Amino acid sequence: MASSSLLLTTLFLATLFAASTANFNNEFTITWGDGRGKVLNNGDDLTLSLDKASGSGFQSKNEYLFGNIDMQLKLVPGNSAGTVTAYYLSSMGKSHDEIDFEFLGNVSGQPYTLHTNVFAQGKGNREKQFHLWFDPTKDFHTYSILWNPQIIVFSVDGIPIREHKNMESKGIPFPKNQPMRIYSSLWNADDWATQGGRVKTDWAQAPFTSSYRNFKADACVWNSGSSSCGSGISDSNWLTQELDSASLERMSWVQKNYMVYNYCADVQRFSQGLPTECTTTS
């Protein structure tokens with residue numbers, strides 16, 4: 001009997017803390033776009049669209065303070081020049097924290113640019129950009145953010161592409177005190193998004209649509225000043241996770257072959273000296 005009770009308790013806790021695919025109706029609110037954002041298939045899918053009048057966007061109902069978050073996206077196909085699909089975590093206020101994925105569209109046949117950035121206490125300027133090793137418009141792919149007190153990791157289909165370590169011991173701020181919501185939007189940014197703004201949005205191709213499914217958040221939900229991870233009962237090893245040697249090797253492969261911009265290598269931009277984290281080992 002005792003073993004049966006233990007098994008039931010274990011199954012209950014596993015169910016409680018497991019990251020299951022969420023329903024968009026339950027987890028998100030479409031915040032702008034006048035009907036251009038749609039939840040479909042009883043909450044299994046969500047789409048955002050953009051036309052000349054407006055884009056659209058949504059945000060999570062929950063705030064999170066650390067998490068391992070997955071979203072599957074299929075990006076605007078065809079001539080997506082000028083469009084940006086943004087998917088990110090952010091707090092509010094002038095000194096906000098933010099963890100960004102932004103997908104910068106391009107003309108047909110040319111690759112998307114995946115733009116990443118990290119803000120801490122209102123300061124960003126930590127951009128790293130990538131091309132992808134697949135066409136992100138043909139099918140859904142998983143874009144993930146691991147955020148814990150030690151590290152932020154950006155991953156694509158389970159392959160880490162970027163890590164941002166906590167270097168507070170070196171005087172570098174790290175996002176760890178401000179709860180953040182998940183946001184996504186599809187909007188026109190043809191003043192800068194494609195080839196430095198040289199290629200404009202072709203509105204004859206509108207409406208442009210990005211699609212979402214299979215959101216998962218194994219995360220600490222923040223509510224009324226307390227965290228759902230505060231009870232001490234959790235099997236969430238992501239809270240202490242760091243990249244192992246195999247993951248570092250995969251990330252190195254991506255950065256060697258697909259990274260197209262690294263702020264830590266931009267000596268012309270930072271002519272007075274690279275940011276501290278670029279020259280400091282943790």
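Q: With which side chain does the side chain of Glu 98 make a polar contact?

A: This is a predicted model, in which local features need pLDDT of at least 70, side-chain atom pairs count only at pLDDT 80 or more, and totals for chains, interfaces and linings use all residues. Residues are numbered from 1 along each chain as its sequence is written, and side-chain values use heavy atoms, with hydrogens and water left out. A polar contact is a pair of N or O atoms within 3.5 Å; within protein, one must be able to donate a hydrogen and the other to accept it, and residues adjacent in sequence count only if both atoms are side-chain atoms. At 2.8 Å, the partner of Glu 98 is the side chain of His 96.

Q: Is Glu 98 buried or exposed?

A: Buried means under 20% relative accessible area, exposed over 50%, and partly exposed in between (1.4 Å probe, protein chains only). Because its relative accessibility is 13%, Glu 98 counts as buried.

Q: In which strand does Glu 102 lie?

A: Helices (H or I, at least four residues) and strands (E, at least two) are DSSP runs, numbered from the N terminus. Glu 98 lies in the strand spanning residues 98-104. For Glu 102, too, the element is strand 7.

Q: At which residues does UniProt place the feature "active site"?

A: UniProt positions follow the numbering used here, feature names are shortened, and annotations may be inferred rather than shown by experiment. The unreviewed entry places "active site" at Glu 98 and Glu 102.

Q: What is the relative accessible area of Glu 102?

A: Glu 102 lies in strand 7. This residue is buried, and its relative accessible area is 14%.
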